[in-house]
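Hello,

Here is the structure I promised to pass on. Please have a look at it first, and then read on for what I found.

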Amino acid sequence: METAGYTEEQELIITDRYNDLIAACQKNVKSEDEWELIRKAFFLAKEAHKGVLRRSGEPYILHPIAVAKIVVEEIGLGAKSVAAALLHDVVEDTAYTVEEIEAIFGEKIAYMVDGLTKMAGVVNTDTSKQAAYFRKVLLTLSDDVRVILIKIADRLHNMRTMGSMPRNKQIKISSETLYLFAPLAYRLGLYSIKTELENLSLKYRYPEQYNEIAQKLNETEAARTAFIDRFIAPIRKQLTDSGIDFTISGRVKSIFSIWSKMQRKNIPFEDVYDLFAIRIVFKPTELIPEKSQCWHIYSLITDIFPPKPDRIRDWVNFPKANGYEALHVTVMGPDGIWAEVQIRSDRMDEIAERGFAAHWKYKQDHSSDDEFDNWLREVRNALQGPTDDAIEFLDNVRLTLYTSEIVVFTPKGEPRKMPQGATVLDFAYNIHTNVGNKAIGAKVNHKIESIYQTLKNGDQVEIITSNNAKPSLEWLDHVTTAKAKQSITTFLKRSRENNVEHGMELFERKMSEFGITPRARVFRKILPAYECRNKDEFYSKLGSGIINLDDVGEILRQNSMSKVLKFWDIQLTKPFKTTNVDAMVVGGGEADANAPKFIIADDCNPIPGDEIVGYRNPEANSIIVHKAGCEGITRLAAQHGENIVTNIKWSSYKAESYLAELEVRGIDRIGILVDLSQVITVELGINIRNLSIQSHDGIFEGKISVYVTDTASLNALLDSVGHIKGIEKVNRTL
């Protein structure tokens with residue numbers, strides 16, 4: 001939508017927003033040359049975007065102004081970044097070229113604008129182009145991190161103003177944000193922005209769940225505030241009496257964090273007890289090191305409230321890879337409630353809130369490496385490896401973004417930061433690629449362990465190598481770091497080319513015995529049966545002897561779509577365009593032979609009654625049905641948003657049985673097993689496939705596999721089991 005220019009009302013709004021930006025710049029912009037740069041960028045952007053409106057009806061220029069304000073106010077960047085933010089859409093959306101921007105504003109700003117222009121298609125194209133674009137993003141990040149910071153600001157403003165977008169766009173953009181931009185913001189230390197991106201993603205993906213948690217937080221606010229006040233009072237007195245200059249506050253956990261915990265542990269809101277954290281920010285004295293003052297405050301707090309020994313997080317001596325420094329301790333507060341206390345200096349607090357920009361400001365010696373430099377080195381290494389598979393590339397990059405960390409020591413005592421869940425093999429590759437390729441085991445705390453052993457915080461590790469060792473495909477299932485995955489993949493790809501050729505010969509020879517020509521329909525049966533994602537993987541496994549063709553005849557006779565829904569009907573609630581059919585209903589009547597088949601996703605196994613989302617696979621003419629909110633559908637929505645189908649629902653279901661898994665925990669007593677069997681099989685008429693119980697120290701834990709028809713029968717089961725005497729916890733795991 002365009003107009004001849006700006007109306008008088010629009011001019012007033014633009015001027016008002018620009019003045020807000022100038023006010024925000026007062027702290028970071030000092031010289032007249034810098035002010036002139038910002039003014040020049042604003043007037044050029046205003047002229048370039050003249051007449052263009054956003055979907056909300058506002059003048060488009062308000063968007064770059066808002067991005068520039070986030071850049072200076074919430075991220076803490078300077079004049080050049082503000083100018084680049086104002087100009088970030090000019091080259092992409094108007095007739096201006098990068099060369100013209102360089103002639104007016106200089107090489108550095110032109111470089112940033114060019115980088116932002118190249119990033120415009122990062123997550124708005126197919127995956128092959130997506131990987132190429134993202135490679136450019138990371139190369140840009142390696143040279144000038146400000147480009148990424150501006151892009152994050154751009155995404156944040158788009159998320160804040162997404163209310164006018166159509167539903168399918170909201171799902172796609174919020175999935176992209178959760179998949180890529182929130183982890184990137186976290187990795188750059190922008191914790192507040194990361195939290196807001198996550199909350200907004202949840203708000204647009206699952207508005208009902210978001211609003212329900214927000215409402216419950218409001219309802220419990222008064223009781224929570226009263227508890228925080230009682231908790232803080234003795235701490236405030238103790239620190240004041242000790243002459244410490246500080247501020248103390250209580251902060252509620254983010255809605256996304258609460259929702260994630262509810263999903264992860266399968267618990268209701270009422271069972272999430274750690275809803276808030278107490279934060280202490282102190283002004284350090286010059287005579288005592290900040291670290292010592294953190295531990296001094298810790299000792300004062302634990303004089304009042306007893307600490308939980310396994311919940312001390314020392315990010316003072318070992319900062320997070322994103323620069324975060326603080327001392328966290330969980331203590332037993334009033335009424336027997338655990339509460340987390342975060343202790344930071346004002347310098348640490350600024351780094352926590354502003355991330356990389358503040359970290360760089362406080363960095364004393366620019367010539368020495370820090371954690372951020374180390375991460376950039378990881379990114380560069382990832383770019384050097386083979387990345388033909390776009391999804392593999394993006395997943396490897398994400399591994400470097402969003403992980404909890406542990407500290408592991410070499411035999412000589414050198415600390416190495418590793419992600420939570422890292423194995424001995426990850427550590428070997430962290431030392432050197434050649435060490436990883438030849439690893440056969442390790443001494444962990446002087447005890448011999450497998451290369452697959454998961455490491456714990458504080459472990460000391462010595463890698464044992466052999467010249468006869470070499471990476472295998474199985475290794476990929478036992479590493480978590482991008483470097484390890486990349487190194488193993490590189491090694492395997494070097495040897496895979498011969499395997500692929502050999503596998504192709506074996507397969508064609510076998511097919512000739514059946515008189516079959518290998519075609520797409522053949523591979524649609526073969527690949528799932530051998531758990532291969534594509535033909536190359538199948539040929540490689542076949543050529544290397546990992547799989548054989550002994551049972552291929554039986555596979556070809558069977559229907560490979562064994563996961564196609566047989567018992568439940570799913571229908572499209574609105575017309576959905578495919579190549580062959582506009583709208584369809586599966587089951588209950590004559591199905592169109594050309595209609596896509598519905599397939600249950602292996603990773604989340606939705607059952608009738610679960611909220612579902614579909615992923616359309618055009619090549620197989622199928623729609624894979626996922627639980628709404630599962631990790632798999634989030635990734636697919638981020639990478640293939642155009643293939644996400646939201647207008648599906650369970651139409652009717654007449655399943656006699658569907659496998660679900662439960663876990664139970666409680667106080668052990670005589671007869672508990674009998675009571676469980678009685679309730680499940682006799683009272684509810686549900687068939688048990690497997691029931692296993694383990695008891696130790698008066699506590700039992702068990703897993704139960706049952707056949708249910710839908711979520712209603714499953715919820716009835718959970719409710720009934722939960723009321724059995726002694727049962728403390730029961731929840732669905734699958």
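(Helices, H or I with at least four residues, and strands, E with at least two, are DSSP runs numbered from the N terminus.) Histidine 446 has a positive phi of about 70° although it is not a glycine, and it is exposed, with a relative accessible area of 70%. Asparagine 445 is found in that loop too, between β8 (439-444) and β9 (447-449). Asparagine 445 also has a positive phi, of about 55°, without being a glycine, but it is partly exposed, at a relative accessible area of 40%. For these words, buried is under 20% relative accessible area, exposed is over 50%, and partly exposed is in between, with a 1.4 Å probe and protein chains only.

Before going further, please note that this is a predicted model: local features need pLDDT of at least 70, side-chain atom pairs count only at pLDDT 80 or more, and totals for chains, interfaces and linings use all residues. Residues are numbered from 1 along each chain as its sequence is written, and side-chain values use heavy atoms, with hydrogens and water left out.

Now the overall picture. The protein chain has 28 helices and 21 strands. Of its 734 residues, 49% are buried. Contact here means heavy atoms within 4.5 Å; among contacts between residues at least 6 apart in sequence, 66% join residues at least 24 apart.

Some of the helices are well covered. Helix α4 (residues 79-86) is largely enclosed by the rest of the structure, because seven of its eight residues are buried. Those buried residues are Ala79, Ser81, Val82, Ala83, Ala84, Ala85 and Leu86. In helix α14 (residues 255-265), the buried residues include Ile255, Phe256, Ile258 and Trp259, along with Ser260, Lys261 and Met262. The buried residues of α14 pack against α10 (167-187), α11 (191-205) and α12 (207-219). Just after α14, asparagine 266 takes a positive phi of about 55°.

Another asparagine to look at is residue 437, which lies in helix α21 (residues 433-437). Asparagine 437 is buried, with a relative accessible area of 13%. Leaving aside neighbours within four places in sequence, asparagine 437 is in contact with Tyr429, Ala469, Lys470, Pro471, Trp475 and Phe491.

How do α13 and α15 pack? Helix α13 (residues 221-241) and helix α15 (residues 290-304) meet at an angle of about 135°, with their axes 10 Å apart. That makes α13 oblique to α15. The axes are lines fitted to C-alpha atoms, for helices over the stretch in contact, and angles run from 0 to 180 degrees between N-to-C directions. Angles under 35 degrees count as roughly parallel, over 145 as roughly antiparallel, 65 to 115 as roughly perpendicular, and the rest as oblique. On the α13 side, the contact is made by Pro234, Ile235, Gln238 and Leu239; on the α15 side, by Ile297, Leu300, Ile301, Asp303 and Ile304. By class, this contact of α13 with α15 has seven nonpolar, one polar and one charged residues. (Ala, Val, Leu, Ile, Met, Phe, Trp, Tyr, Cys and Pro count as nonpolar, Asp, Glu, Lys and Arg as charged, and the others, Gly among them, as polar.)

On to the strands, where two strands pair if DSSP finds at least two bridges between them. Strand β4 (residues 327-332) is mostly covered, with five of its six residues buried. Strand β3 (residues 307-314) and β4 pair in the antiparallel sense over four bridges, and leucine 327 in β4 is the bridge partner of aspartate 314. β4 also pairs with strand β5 (residues 338-345), in the antiparallel sense over six bridges; here valine 331 stands opposite alanine 339 in β5. The hairpin of β4 and β5 has five residues between the strands, and in it aspartate 335 takes a positive phi near 65°.

Further along, an open sheet of four strands has the order β13-β15-β14-β16, with mixed pairing. Its edge strands, each pairing on one side only, are β13 (597-600) and β16 (644-645). Within the sheet, strand β14 (residues 612-617) and strand β15 (residues 622-627) pair in the antiparallel sense over six bridges. Valine 613 stands opposite histidine 626 in β15.
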